[in-house]
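User: I have a structure open and want to go through a few contacts in it. Can you take my questions as they come?
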Amino acid sequence: LSKTGVTQKITGGQEVMPHKSHTGKIETVDSYKIYEKELNEDNEEYAQLLIGSYTHRDIYRLLDFAKPATTAGLEAAAQNVDFISDAMERILTKKRLPNGSGLDRRLLLRFVNGIGEWMKVGSSLPSEKHLYGYFSDFALFVAQCLKSVAASNNLHIARLVLSTERSNKKPDDSNNTRRIDVGLTTCNVSALVEHVSMGRYADMLCIVEAKQERALDKDALMQLYIDSDSLFLHQLNRQFLWGLTICADEVYACMMLNDGLFVSPAMRISELAGRKMLILWLVRWSMCPEDRLGYDPTMRRVFDQSDLDIGGSNNDDPMDDVRYTIDCYDDESKKTVKYVTKRTIMPADTLLGRHTRCFVATRYTGSGTDSSAGEVAIKDLWLPATHPSFGYQRNEIKLLRKIHDTFEQDTPDHIYPKLIVGGHVRLTQKNRSVIDTTDAIFKAAGVKRIDPPSDSDADSAWNQQLLRAHRRTVMSPVGHSIKTVQNEAELIIVLAEAMQCYSSILSQCGILHRDISTNNILVVRDGKDTIPRGLLIDFDLAVEVNKHKRSARPESLGTMPYMSIANILNLDTPRTALDDWESLLYVVCWLATVGISSDHRVADAELENKQIKHWRIGTTKMIADAKRNHMDSAKSFRFIIVKKFCEQYELLPRFAIALHNALFGNEKCPGAYLDDDDDGNKSTDGPNDPLIKRCAYVNEIVANLEGVLEKFKRKAQAALKL
């Protein structure tokens, strides 16, 4: 699930809602400026979908996901809750604290006024801003008590949970104008108990969203979902997120997992039971293992970088100031290799789904980095899995091993993705090595995960969640976003090399890629001013095919707006190389329209005036119909699409026209519709549909397309005077 329809990866036949891309510091060509109003509308639609389709409310067992790991820890947490609750009630009612409690009344009195005011709020108050201070005082009261408990009773408190300053602010590492109400962060038990600065998303445990009325609980959740995306964006080692919403005197805890959003029952601060339950949440977050806060135990943040000889990131993205060490397990060799990140290629920026992240990293020895090993690219994601081997019908690691083995014996002229390490992420639980899955998260809470119903429209219980397995691959060479090309000639060379790689992998390895897009073609340079090469990556959706037929069963998948028409409509015809070549044509057209670099970038408002916008907005049928109309004839293609290319391009219009002519101009299956009927209407008519009929001429059409690619690669090289 993606807010950004431009880069939405489709793995089924669902409709594509009208989402727009948004400004971000992600290396993707589709990250261009849009207006704040459009972004807010997109965010609201996204949050409405999360509320309606993925949110489960009143989950009483949600607290178990944050429980301490041992029985002794659970008992200590329960004792601390009783102790803090008693202290809070005594101070609120101006009673003396028990002798020997170890608590300093003067320190606690700093926070009690806000708690007392919060208890009197009722179902609404004039402004939500008062709630920032009320909640902050409550959190700091609990932290001060835990600090005293740790000092006097020598109990193990893993951390203190502190609130940020009382006024809503924009975090320092934010890449948009959004402010958050309150943030919770963690610190050492020895720290002073006081409000901390808003700081960065990278340092927050969770976000707290407040509304002034109980009835606005849905609005508060929507706001929490929208803002929590930024935590995934900036915390690259988060497996899941926590959050809190405050609606007048009611508080809700929320857990955000790959396929479900779980909300606790309301905690009413005006009631003793509600106050005690909020204390319990804060105590458990202070005492549970770090992985139960949602942090990946195999990916550790590096706070002291003095021994890391990895140089600068050459990037002004604040995300790249944060480094992580990563354990990468290889399923074949059964060995773990450690790396340290240098920069982020792609973070996870949505709450649900695979949470795909990509990093540039170097080998880590434990005492420092191994610079002689060179840079690698690490891909980290949570894929749907099956029992009992945690397999997946599209196994990228298996396919990359096949590519590696094939090309190691017969090295091609082009570059290709070389697998170095690949396997499931493994955890240690109860002294046993286990695969990191959603089952592991549920088991740690003592909750049984159940497979969701086969009928997607059927109601499901909150613990009926998709089984996902956590995987990592380490590859070389390291590439950069396609937007780093300096001109149209370089772009054509990069695309030509990537498609040469595509053809070799299909012919020699029998692997059909099925997801040609701007995100999956990278630029590789040996030096700053050298001619770039094209690298094809991301075989998540690829499948093995018969080397002779070279086709796959019909399936609707890919990345908008680059999916072929047959793919979007899930036509009952085999998927062939022509679908990927059609995607290449759309890549060329999209880049030529929106601009291939930041110097040429077209604003979203201007894109709204171009017909190509219909390739990413609307239902699947609307998008497919738009593409049929645009591709049906050379005249319509030139007038509707090519005429809207950025005017400074000279090669790209001719390149696009030549690709279109080879793909849609074959005399045996021309166009994207049949001829007009007697009433002048366009028709497809089943097997006579040109998009189905062309499957009989795949080899002929592909040969023509490869000829076009080679011709324009030479033209591009000539333009660069190579």
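This is a predicted model: local features need pLDDT of at least 70, side-chain atom pairs count only at pLDDT 80 or more; totals for chains, interfaces and linings use all residues.

User: Fine. Where does Asn 395 lie?
Analyst: Asn 395 is in the loop between β14 (369-384) and α7 (396-409).

User: Is Asn 395 buried, partly exposed or exposed?
Analyst: Asn 395 counts as partly exposed because its relative accessibility is 23%, and buried would require under 20%.

User: What does the side chain of Asn 395 have by the backbone nitrogen of Lys 398?
Analyst: A polar atom of the Asn 395 side chain lies 3.1 Å from that nitrogen of Lys 398. On the C-alpha level, Asn 395 is 9.5 Å from Leu 383, which is 12 residues away along the chain.

User: Which salt bridge does Lys 398 form?
Analyst: Lys 398 pairs with Glu 544, with the closest N and O atoms 3.5 Å apart. That pair links distant parts of the chain: Lys 398 belongs to helix α7 and Glu 544 to strand β22 (residues 543-544), 146 residues apart. Glu 544 is partly exposed, at 37% relative accessible area.

User: How many salt bridges are there by this rule?
Analyst: The count is 37. Some are linked in a network, made up of Arg 354, Lys 379, Glu 396, Asp 538 and Asp 540.

User: What about Asp 86 and Arg 90, where do they lie?
Analyst: Both are in helix α2 (residues 71-92), four residues apart, about one turn of the helix. Asp 86 is partly exposed at 34%, and Arg 90 is partly exposed at 27%.

User: And Glu 497 with Lys 713, buried or exposed?
Analyst: Glu 497 and Lys 713 are both buried. Their side chains form a salt bridge at 3.8 Å, N to O. Glu 497 sits in helix α9 (residues 488-509) and Lys 713 in helix α17, 216 residues apart.

User: Switching to helix packing. How do the axes of α15 and α17 cross?
Analyst: The axes of α15 (residues 651-664) and α17 (residues 698-719) cross at roughly 170° and come within 9 Å. Angles over 145 degrees count as roughly antiparallel, so α15 and α17 are roughly antiparallel to each other.

User: Which residues meet there?
Analyst: From α15, they include Leu 651, Phe 655 and Leu 659; from α17, Ile 701, Leu 705 and Phe 712 are among them. The residues of this contact divide into 13 nonpolar, one polar and two charged.

Terms used:
Residues are numbered from 1 along each chain as its sequence is written. Side-chain values use heavy atoms; hydrogens and water are left out. Helices (H or I, at least four residues) and strands (E, at least two) are DSSP runs, numbered from the N terminus. Buried means under 20% relative accessible area, exposed over 50%, partly exposed in between (1.4 Å probe, protein chains only). A polar contact is a pair of N or O atoms within 3.5 Å; within protein, one must be able to donate a hydrogen and the other to accept it, and residues adjacent in sequence count only if both atoms are side-chain atoms. Axes are lines fitted to C-alpha atoms, for helices over the stretch in contact, and angles run from 0 to 180 degrees between N-to-C directions. Angles under 35 degrees count as roughly parallel, over 145 as roughly antiparallel, 65 to 115 as roughly perpendicular and the rest as oblique. Contact means heavy atoms within 4.5 Å. Ala, Val, Leu, Ile, Met, Phe, Trp, Tyr, Cys and Pro count as nonpolar, Asp, Glu, Lys and Arg as charged, and the others, Gly among them, as polar. A salt bridge is a side-chain nitrogen of Lys or Arg within 4 Å of a carboxyl oxygen of Asp or Glu.
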